[in-house]
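Subject: Structure handover

Hello,

Here is the structure for you to look through. Please open it first, then read my notes below.

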Amino acid sequence: MSIFALQSLVGGFLDEDLEHFNKNFDDWCIQFESYDDAMDIVPTLENNKTIDIVEITPLSYPKYFFTALKKTKKKKKKK
C-alpha cells in the first residue's frame, strides 16, 4: 500500500492546485498511484528541478494512513 506525491526540495507537498506546497501531507495534496504517473506531471510544472517524487507508505507517513495516530487535544482537568 503506497502512493506517490510531489515534494519540494525545501519541504512541503504539492497541493492539488499544482501551485502551492503544504507542510503536511493530506488529502488536499496531489496523489499518484504510480511513480510513472507522477513522472508524467513533473516536466509540466514550473521549477520542476526543485520537485522530487516521494513514496508515501504507512511506514514513512503513518499519520496519513492511521488517523488514530493524529494528535488530539487533551482536555484540562478542572480542580
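The notes below go from the whole chain to single residues.

**The chain as a whole.** This is a predicted model. Its mean pLDDT is 83, and 84% of the residues reach 70 or more. Helix 1 (residues 35-41) has the highest mean pLDDT of the elements, at 94. Helix 2 (residues 62-65) has the lowest, at 73.

There are two helices and four strands. Read from the N terminus, their order is β-β-β-α-β-α. The chain has 79 residues, and 28% of them count as buried. Its accessible surface is about 6,600 Å², with 53% of that belonging to carbon and sulfur atoms. Now take the contacts between residues at least 6 apart in sequence: 54% of them join residues at least 24 apart.

**The cores.** In soluble globular proteins, nonpolar side chains tend to be buried together. Which residues make up the largest nonpolar core here? There are 10: Phe-4, Leu-6, Leu-14, Ile-30, Phe-32, Ala-38, Val-42, Leu-45, Ile-51 and Ile-53. Strand 1 (3-8) and strand 4 (51-56) are the elements that give two or more residues to this core. Leaving aside residues up to four places away in sequence, Ala-38 touches Leu-6, Phe-32 and Ile-53. A second, separate core has seven residues, including Ala-5, Phe-13, Cys-29 and Val-54.

**The aromatic pairs.** A pair of aromatic rings is described by the distance of the centres and the angle of the planes. The count here is two aromatic pairs.

- Phe-4 and Tyr-35 are edge-to-face, 6.3 Å centre to centre, with 80° between the planes. The pair links strand 1, which holds Phe-4, to helix 1, which holds Tyr-35, and the two residues are 31 apart. Phe-4 has a relative accessible area of 13%, so Phe-4 is buried. Tyr-35 counts as partly exposed because its relative accessibility is 43%.
- Phe-13 and Phe-25 are also edge-to-face, 5.3 Å centre to centre, with 75° between the planes. Phe-13 sits in strand 2 (residues 13-14), and Phe-25 in the loop between strand 3 and helix 1, 12 residues away. Both are buried.

**One last residue.** Is Asn-22 buried or exposed? Its relative accessibility is 17%, and the cut-off for buried is under 20%, so Asn-22 counts as buried. Asn-22 lies in strand 3 (residues 21-22). Beyond residues up to four places away in sequence, Asn-22 touches Gly-12, Phe-13, Asp-15, Trp-28 and Cys-29.

Best wishes

Notes:
Residues are numbered from 1 along each chain as its sequence is written. Side-chain values use heavy atoms; hydrogens and water are left out. Buried means under 20% relative accessible area, exposed over 50%, partly exposed in between (1.4 Å probe, protein chains only). Contact means heavy atoms within 4.5 Å. pLDDT is the predictor's confidence in each residue, from 0 to 100. A nonpolar core is a set of buried Ala, Val, Leu, Ile, Met, Phe, Trp, Tyr and Cys residues joined through side-chain atoms within 4.5 Å. Accessible areas come from the Shrake-Rupley method with a 1.4 Å probe; for residues, only the protein chains shown count as cover. Rings of Phe, Tyr and Trp (its six-membered ring) pair if their centres lie within 6.5 Å; planes under 30 degrees apart count as stacked, over 60 as edge-to-face and the rest as tilted.
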